[in-house]
Amino acid sequence: MGERRYFGTDGIRGRANTHPMTPEVALRVGLAAGRLFMSGNERRHLAVIGKDTRLSGYMIEPALVAGFASAGMDVLTFGPLPTPGVAMMTRSMRADIGVMISASHNSFVDNGIKLFGPDGYKLSDEVELKIESMMDTALGEGLAAPDKLGRVKRIDDAQARYIEIAKASFPKTLSLQGLRIAIDCANGAGYRVAPTTLYELGAEVFPIGVTPDGLNINAECGSTYPTALAEAVKRYRADIGIALDGPARPADRRRRGRHRHVQSGARTWSPRRRPVARTHQCRRSLCDGTDALGRVQPRRRTVRPHHPARLCHHR
């Protein structure tokens, strides 16, 4: 494997308007990736682009769009959308390539470019190296003819589409009705999608970190600053708190102090006190103490009065 000049372990990342996170590099990424993913047939090829709420996204996105369009690819832009949403929409819209503009949990001064293949998965190291090898060629090479340039369109309902995708992944036999959820959206990509999804699934939602201004992403909020969520959980007497980072990857905080990332491989915190299991109280004599998915529910104590028997499939 050759030496990497642009791509790291999670795409290209750096300080905004400083190499490699400059408009020129973004233009070269779009042009090189567009040329690589253009097949030989005459069909229209498609790239989709999502981003978080960083101010520099307004600089990086047009440069990427110009690169893809100059290679002959049509481009659909989503605006702020969580990283999993961009990956899923890449596949569901049958795009040739997807792009997420984000620097994860970093502050607004950084930004990054992450690429997805047609299957919605991150590109392999080999493909990234191919793109790198094509990025340093002259900008005038491999351009589409004037009548073959790509067209660009903004998809205004991208967030609504992803909300429906997220809701469809939730078991239809379960409901969040009666659950009080505090969620810290980190002023990032999930500031609209996440609270709306939880609300439509039945929860009573208490959102914070939902006023992005381009500069306050991950600023004393989100999964990198759980103090804000802990205070919200206590203030609203929530049953659970969920903290997102800039591209809307979650961590949760339970009422009795347990804080853990649900992203695989992320750092975890152990509880000071073991949380007391809340169980259902079913009046059916045949209830075997399982939920709708057949999982055994612990019987240490019953729920408080305002908690319905939401986990029981006999309700």
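The model is predicted: local features need pLDDT of at least 70, side-chain atom pairs count only at pLDDT 80 or more, and totals for chains, interfaces and linings use all residues. Residues are numbered from 1 along each chain as its sequence is written, and side-chain values use heavy atoms, with hydrogens and water left out.

Start with helix H1, residues 23–37. Helices (H or I, at least four residues) and strands (E, at least two) are DSSP runs, numbered from the N terminus. H1 has 15 residues and reaches 21 Å from its first C-alpha to its last. That is close to the expected 21 Å, where the expected span is 1.5 Å times one less than the number of residues.

Much of the interest here is burial. Buried means under 20% relative accessible area, exposed over 50%, and partly exposed in between (1.4 Å probe, protein chains only). In H1, the buried residues include Val25, Ala26, Val29, Leu31 and Phe37. Arg28 of H1 is buried too. The cover over the buried residues of H1 includes strand S1 (12–15), helix H2 (57–70), S4, strand S5 (110–116) and helix H4 (125–135).

Take H4 next. H1 and H4 pack at an angle of about 115°, with their axes 9 Å apart. Axes are lines fitted to C-alpha atoms, for helices over the stretch in contact, and angles run from 0 to 180 degrees between N-to-C directions. On the H1 side, the contact (heavy atoms within 4.5 Å) is made by residues including Arg28, Ala32 and Leu36. On the H4 side, Ile131 and Met134 are among them.

Now move to strand S4, residues 97–101, where Gly98 is found. Gly98 counts as buried because its relative accessibility is 0%. Beyond residues up to four places away in sequence, Gly98 touches Val48, Thr90, Lys114, Leu115 and Phe116. The C-alpha atoms of Gly98 and Ile49 are separated by 5.9 Å, though the two are 49 residues apart along the chain.

Finally, the rings. Phe206 and Tyr236 form a stacked aromatic pair, 4.8 Å centre to centre with 15° between the planes. Rings of Phe, Tyr and Trp (its six-membered ring) pair if their centres lie within 6.5 Å; planes under 30 degrees apart count as stacked, over 60 as edge-to-face and the rest as tilted. Phe206 lies in strand S8 (204–208) and Tyr236 in the loop between helix H7 (226–235) and strand S9 (240–244), so the pair ties together parts 30 residues apart in sequence. Phe206 is buried at 14% relative accessibility, whereas Tyr236 is partly exposed at 26%.
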